[in-house]
Amino acid sequence: MTAEQSRIDDLMKGAVDLHVHSGPSLHPRKLDHIAALREADQAGMAAVLLKDHYYPTMPLATLINQNMGLRTRAIGSIVLNNPLGGLNPSAVDYALKQGARVVWMATAHARNHMEHEAQKPGFKFPQNSKKTVAPVPLTLTDEKGAVRDEVKHILDLIAEADAVVSGGHHHARELLPFYEEAKARGVKRLFLNHPTYVNDCSLQDVAHLVGMGVRMEHSVCMFIPSTFQLFDQDHLRAVIEAAGVDNTFFGTDLGQTGNPNPVEGMRQMIAMLIGLGYGDADIRKMTTTVGAELVGLEA
């Protein structure tokens, strides 16, 4: 084992991955939720969040945590796409009261996401393995740019539960009023995934959102060799600098067929950060501490 491999092994101890797409799913998956947790446990990771675009995962997380005897904790979540009624306060209410920790606004069924798929050839996103009914496009704001009432209700529920919210795959022009509304309603745990991907945030937008208390999660799969690789190391350094190490963390966004497993993806990201010259303390913040604090993991 090389010195760098040993260093990566050490940095993986206690790491947190808040973006794992294991299966079963309508999207083709390389491994299931149980396999993902077992691999994370073998690496000594503290927690893995299970995310599916079309069903809530908190019952699965509960079963895993209560029956598998792993040190790694499974975290449940809900994504507000069409199968759950879209931006549906009732779905959020029930999910939070059954242990969901993270709520995403719409992803695949955000109008912004659907427009990207329709208008940008080569837009990289998994396709369903079976034909489904046509989705209804969803927006956080109305035609006047005001946050929708159902979104306000959802934010009230999240604030009451001290849960975590992400703006999903909505556009930057929707996200700014959305996060302002979230803060005004008492939501304290705010983050945004892959801001420079489908959300179309500029580096200035990233800095502005961070100033509002929104932490930035970047998808490992978009920086390492994978079917979703989009960005180079210069972009990686730029997005970290725009938010600052203390407001930046990495989720692998992995689990798809044909890609590295999530644990391997996190190892590759740590290696990339080492190559860019980041020290262990900063790497640990971006792969452990910031994510753990966001979801309220006990030390």
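Predicted model: local features only at pLDDT ≥ 70, side-chain atom pairs only at ≥ 80, totals over all residues.
## Helix α1 and its buried face

Helix α1 covers residues 3-12, and its buried residues are Ile8, Leu11 and Met12. When the helix is viewed down its axis, these buried residues fall within an arc of 100°, so they line one face of α1.

After α1 comes Gly14, a residue whose phi is positive, near 85°.

Side chains of opposite charge can pair when their charged atoms come close. In this model the count of salt bridges comes to 11.

One of them joins the side chains of Arg111 and Glu115, with a distance of 3.9 Å from N to O. Both residues belong to helix α5, which runs over residues 111-119, and they stand 4 residues apart, about one turn of the helix. Arg111 has a relative accessibility of 40% and therefore counts as partly exposed, while Glu115, at 30%, also counts as partly exposed.

## Salt bridges between separate elements

A salt bridge also forms between Arg189 and Asp162, whose closest N and O atoms are 3.2 Å apart. Arg189 lies in strand β7 (residues 189-193), whereas Asp162 lies in the loop between α6 (149-161) and β6 (164-166), so the pair ties together parts that are 27 residues apart in sequence. Are the two partners buried or partly exposed? Arg189 has a relative accessibility of 19%, and because buried means under 20%, Arg189 counts as buried; Asp162, with a relative accessible area of 33%, is partly exposed.

Another salt bridge is the one in which the side chains of Glu293 and Arg215 meet, at 3.6 Å from N to O. Here Glu293 lies in helix α11 and Arg215 in strand β8 (residues 214-219), so this pair ties together parts that are 78 residues apart in sequence. Glu293 counts as partly exposed, with a relative accessibility of 45%.

Terms used
Residues numbered from 1 in each chain as written. Heavy atoms only, no water. Buried < 20%, exposed > 50% of the residue type's maximum accessible area, 1.4 Å probe, protein only. Helix = DSSP H or I, 4+ residues; strand = E, 2+ residues; numbered from the N terminus. Arc of directions from axis to C-beta. Salt bridge = Lys/Arg side-chain N within 4 Å of Asp/Glu carboxyl O.
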